[in-house]
Amino acid sequence: MTLHVDMGRLWRGGQGQALLLMQGLQARGYRVELAAPGQSPLAERARRAGLPVGTLGVSSGRLKAALALSRRLRRGGVGVVHCHDAHSLTAAWLAGVHRRCPLVASRRLVHPLSGGWLGPARYRAADRILAVSQSVSRAVVAAGIPPDSIEVVYDGVPVPPPASQAEREQARRLWLGDSAGPLVGCVGYLIQGKGQEALIRAMPLLLKEMPECRLLLAGDGPHRPRLERLAADLGVISNVRFAGHVEDVSAVYRAIDVFLFPSVAEGLGSSLLAAMAHSLPAVGAASGAVAEIIEDGRNGLLVATSEPAGFAAAALRLLRDPGLARALGAAARQTIAGRFSADRMVEETLSVYRRLPGR
């Protein structure tokens, strides 16, 4: 049985990947269990999916979580512990999980390992570190972690059936009502570093050429008030829709014409993968792991930086050339089906489990 540990209190890409992995393992006949804060979005969604959930407590810190993990391991039946975020890895390290059974840690960030000496120490305790991209793997190696303990397992997303014209029109009405005109969009948590500011600054340039264009930003976060003020200051607030948290995010992908991904320090980008799986032409900043997904001119477009002018020019190019947009969207879907599907992610993770010491 694999015990999956995640201490995140928000629903973000890492939590989505943990849920997809657990569901995929269970569908293949493997026993799984989640250890998470009792009221976290991941715990709630796991329960709805019929997965067993053990609580780490509503307000427990890493020490209390470590005690909860120790108690769980004493009950037996755990073959592998897989930590999906840095806080859960700290709790597992404090609990001495690495001395009791194989320990796997996912790493999703290209940023240096934080926590002073603790940062590298907890990752060295893991039998395997699953980096979600080559960019993340290089960052972990740069922190002094032995390369032979790191494996790259790319995130994966489901590849949905193509949306019908009626489904696309229904999704557009959800966000735009009866308004016409092109719709560009982005899905992501609204924090500094995700780059949505560049998209809002690109809107005056887009509107100069296409006055009916709209920007849909799906996601919430602490940066939202600042982004709303910026849109108002630039006079584009009526052309920007802040959707907030969207439970059924596929409705966003069905509605938009071009997906914009402005993050410049992304470990991989689950929302970019999902957009491409929906056959959307995507524009991304050529930094972080984005260039591991998008091949410029083949399955999407890359811009040199996250400067607003670059995104505006790329978006206009796709909106003015529907043939190019369709071709890039079709190639994007093929890329996800071949290299970044949820099934592939589950199978590659299973392969790592099977090769762990003592397995």
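This is a predicted model: local features need pLDDT of at least 70, side-chain atom pairs count only at pLDDT 80 or more; totals for chains, interfaces and linings use all residues.
Reader: Is threonine 335 buried or exposed, and which residues does it touch?

Author: Threonine 335 is found in helix α13 (residues 322-339). Its relative accessible area is 6%, so threonine 335 is buried. Leaving aside residues up to four places away in sequence, threonine 335 touches Met276, Ile293, Arg298, Asn299 and Phe340.

Reader: What separates the C-alpha atoms of alanine 312 and leucine 206?

Author: Alanine 312 is found in helix α12 (residues 308-320), and it counts as buried because its relative accessibility is 2%. Alanine 312 touches Ala202, Leu205 and Leu206, not counting residues up to four places away in sequence. Alanine 312 and leucine 206 are 106 residues apart along the chain, but the separation of their C-alpha atoms is 5.7 Å.

Reader: Which residues have the most contacts inside the largest nonpolar core?

Author: A nonpolar core is a set of buried Ala, Val, Leu, Ile, Met, Phe, Trp, Tyr and Cys residues joined through side-chain atoms within 4.5 Å. The largest one has 66 residues, and those with the most contacts inside it are Leu69, Val81, Phe259 and Leu272.

Reader: Which element gives the most to the largest nonpolar core, and how many residues does it give?

Author: The largest nonpolar core has 66 residues. The element that gives the most to this core is α11, and its share is six residues.

Reader: Which residues does valine 81 touch?

Author: Valine 81 is one of the residues with the most contacts inside the largest nonpolar core. Not counting residues up to four places away in sequence, valine 81 touches Leu3, Val5, Leu73, Val97, Cys101, Pro102, Leu103 and Val104.

Reader: Which elements do the buried residues of α1 pack against?

Author: The buried residues of α1 are Gly14, Gln15, Gly16, Gln17, Ala18, Leu19, Leu21, Met22, Gly24 and Leu25. They pack against β1 (2-5), β2 (32-36), α2 (41-48), β4 (80-83), α11 (270-277) and α14 (342-354).

Reader: Are α1 and α2 roughly parallel or roughly antiparallel?

Author: Gln15, Ala18, Leu19 and Met22 in α1 meet Leu42, Arg45 and Ala46 in α2. The axes (lines fitted to C-alpha atoms, for helices over the stretch in contact, with angles from 0 to 180 degrees between N-to-C directions) come within 10 Å and cross at roughly 25°. That makes α1 and α2 roughly parallel.

Reader: How are α3 and α4 set to each other?

Author: The axes of helix α3 (residues 62-74) and helix α4 (residues 86-94) come within 8 Å and cross at roughly 60°. The contact is made by Arg62, Ala65, Ala66 and Leu69 of α3 and His87, Thr90, Ala91, Ala92 and Leu94 of α4. Angles under 35 degrees count as roughly parallel, over 145 as roughly antiparallel, 65 to 115 as roughly perpendicular and the rest as oblique. The setting of α3 and α4 is therefore oblique.

Reader: Which residues of α8 and α9 make the contact?

Author: Helix α8 (residues 196-209) and helix α9 (residues 224-233) pack at an angle of about 15°, with their axes 10 Å apart. That makes α8 roughly parallel to α9. The contact is made by Gln196, Glu197, Ile200 and Arg201 of α8 and Arg226, Leu227, Leu230 and Ala231 of α9.

Reader: Which residues does leucine 216 touch?

Author: Leucine 216 lies in strand β9 (residues 214-218) and counts as buried because its relative accessibility is 0%. Apart from residues up to four places away in sequence, leucine 216 touches Trp175, Leu183, Val184, Gly185, Cys186, Arg241, Ala243, Val252 and Ile256.

Methods:
Residues are numbered from 1 along each chain as its sequence is written. Side-chain values use heavy atoms; hydrogens and water are left out. Buried means under 20% relative accessible area, exposed over 50%, partly exposed in between (1.4 Å probe, protein chains only). Helices (H or I, at least four residues) and strands (E, at least two) are DSSP runs, numbered from the N terminus. Contact means heavy atoms within 4.5 Å.
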